[in-house]
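Please have the sequence and the 3D view open.

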Amino acid sequence: MQRTLAIVKPDAVANKNVGEIVSRIEREGFRIVGMRLVNLSRREAEGFYAVHRDKPFFNDLTAFMSSGPAVVLCLEAEDAISKWRTVMGATNPENADEGTLRKQFATNIERNAVHGSDAPETAAVEIAYFFKGVELV
Ligand code: GDP
């Protein structure tokens, strides 16, 4: 079993898509081991996306991620990291396959509805960024 961090980003929360996305998570067979509504400060968003610090979109991205509430989830499944990335679809919704969450809910490459960790090492760091051990069931 593997764990990954998922985020329902502020665009999807504002568009009232939390229910549909959490429903999809359950239907896909993930076990939700942590779930919380957060309102990231700019500094917290910058810390979360620190690897993108030097990218031209860093300012826009961190402004967006701190623009309103988001839902953070820790998901567990076999191969949870790649499984969740498949359900999310490509970063740019224009390239996302039919049936993926980003195809269904994303507005553009930045406001793309959901986040998922990309490797075991980053998943461990990202999960710990939002959840204490005792908060995961
Ligand atoms: P992910 O792993 O699919 O989320 O993609 P990345 O790690 O490459 O990028 C992190 C997040 O930054 C994406 O989910 C988008 O919200 C945003 N992002 C990525 N590329 C771009 C871009 O070219 N322009 C803008 N404005 N945002 C981007």
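## Basis

This is a predicted model: local features need pLDDT of at least 70, side-chain atom pairs count only at pLDDT 80 or more, and totals for chains, interfaces and linings use all residues. Residues are numbered from 1 along each chain as its sequence is written, and side-chain values use heavy atoms, without hydrogens and water.

Helices (H or I, at least four residues) and strands (E, at least two) are DSSP runs, numbered from the N terminus.

## The sheet

An open sheet is formed by 4 strands in the order β2-β3-β1-β4, with antiparallel pairing. Pairing requires at least two DSSP bridges between two strands. β2 (31-38) and β4 are the edge strands, each pairing on one side only. On average, neighbouring strands are turned by 20° against each other, direction ignored.

## Strand β1

β1 (residues 2-8) has 5 of its 7 residues buried, so it is largely enclosed by the rest of the structure. Buried means under 20% relative accessible area, exposed over 50%, and partly exposed in between (1.4 Å probe, protein chains only).

β1 is joined to β3 (residues 70-77) by 7 bridges; here Ala-6 stands opposite Leu-73. To β4 (residues 114-116) there are 3 bridges, and Ile-7 stands opposite His-115.

## Helix α4

In α4 (residues 58-65), Phe-58, Leu-61, Thr-62, Phe-64 and Met-65 are buried. Seen down the axis, the buried residues fall within an arc of 155°, so they line one face of the helix. The arc is taken over directions from the helix axis to the C-beta atoms. These buried residues pack against β1, α1 (10-14) and α3 (42-48), where contact means heavy atoms within 4.5 Å.

How values were computed: Axes fitted to C-alpha atoms, helices over the stretch in contact; angles between N-to-C directions.
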